[in-house]
Amino acid sequence: MADPAQALAYAEADFSESNGLFIELFRRLHAAPFAGRALDLGCGPGDIPIRLARAFPAGRVDAVDGAEAMLDLAHTGTAGDADLAARIRWICARIPSAEAMPAAPYDAVLSNSLLHHLADPLDLWRVVRAAGRPGAAVLVMDLARPEDVEGVDRVLAAHAAGAPDLVWSDFRNSLFAAYTVEEVRDQLAEAGIAGMSVEMVSDRHLAVWGYST
Ligand SMILES: C[S@@+](CC[C@H](N)C(=O)[O-])C[C@H]1O[C@@H](n2cnc3c(N)ncnc32)[C@H](O)[C@@H]1O
């Protein structure tokens with residue numbers, strides 16, 4: 001997704017349903033309005049950090065992505081809004097490289113649709129583990145891999161019919177690359193992360209959520 005055309009196609013796709021779900025799940029983790037520092041890993045063109053900052057006017061977000069092309073688009077989302085620009089930092093850093101990663105600890109560690117992009121999924125869980133203070137809210141959402149190719153086709157028919165070719169094929173590749181709930185539970189155990197719920201939260205997404213220990 002470092003390619004500008006691919007980044008733009010992604011930014012122009014409509015993820016309002018899943019990004020809205022992400023914010024709703026985060027609200028469930030936080031009975032009180034969030035007023036701390038959140039880290040969003042793999043923020044892409046920035047819709048989730050912007051939604052989060054709008055939903056929680058006292059919150060701050062450090063939003064990290066490895067692709068300059070994505071961050072260029074993210075910057076346009078906060079340009080002209082002094083409040084958002086002051087509370088969201090766009091940071092170019094590539095997991096697992098520690099170079100340019102902002103300093104922990106955070107009050108919330110978040111990520112949507114990054115896990116299946118990483119060559120080693122444990123790279124994400126190591127960052128999640130290191131970045132949250134004890135008690136920090138953790139919410140990682142991603143696509144869940146359907147059982148078989150017919151399952152992939154059903155998700156595509158339900159959610160990507162009519163999407164531009166680039167978005168459709170990215171979505172298809174992502175569904176095949178994604179993990180199952182059981183696989184993610186194994187990853188968490190291997191990374192030494194305990195006490196998280198891992199469950200399906202839509203017909204195509206799983207979420208890992210809970211509090212850092
Ligand atoms: C599918 S997009 C998700 C973007 C955003 N979280 C959202 O929900 O719209 C995945 C993002 O992860 C970024 N990414 C992939 N591998 C990465 C890595 N190793 N380190 C940091 N970002 C990465 C990509 O550049 C891309 O912006």
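Helices (H or I, at least four residues) and strands (E, at least two) are taken as DSSP runs and numbered from the N terminus. The structure described here is a predicted model. On this basis, strand S3 covers residues 88-92 and strand S4 covers residues 106-112, and the loop between these two strands contains Pro-96.

Two cis peptide bonds were found. One of them joins Ile-95 and Pro-96, with omega at about 10 degrees. The other bond links Ala-104 to Pro-105, and its omega is about 5 degrees. Pro-105, too, lies in the loop between S3 and S4, where Pro-96 is also placed.

Backbone phi angles were considered next. Ala-100, a residue other than glycine, has a positive phi near 75 degrees. This alanine belongs to the loop between S3 and S4. The relative accessibility of Ala-100 is 48%. Because buried means under 20% and exposed means over 50%, with partly exposed in between, Ala-100 counts as partly exposed.

A positive phi also occurs at Ser-113, with a value of about 65 degrees, although this residue is not a glycine.

Technical notes
Residues are numbered from 1 along each chain as its sequence is written. This is a predicted model: local features need pLDDT of at least 70, side-chain atom pairs count only at pLDDT 80 or more; totals for chains, interfaces and linings use all residues. Side-chain values use heavy atoms; hydrogens and water are left out. Buried means under 20% relative accessible area, exposed over 50%, partly exposed in between (1.4 Å probe, protein chains only).
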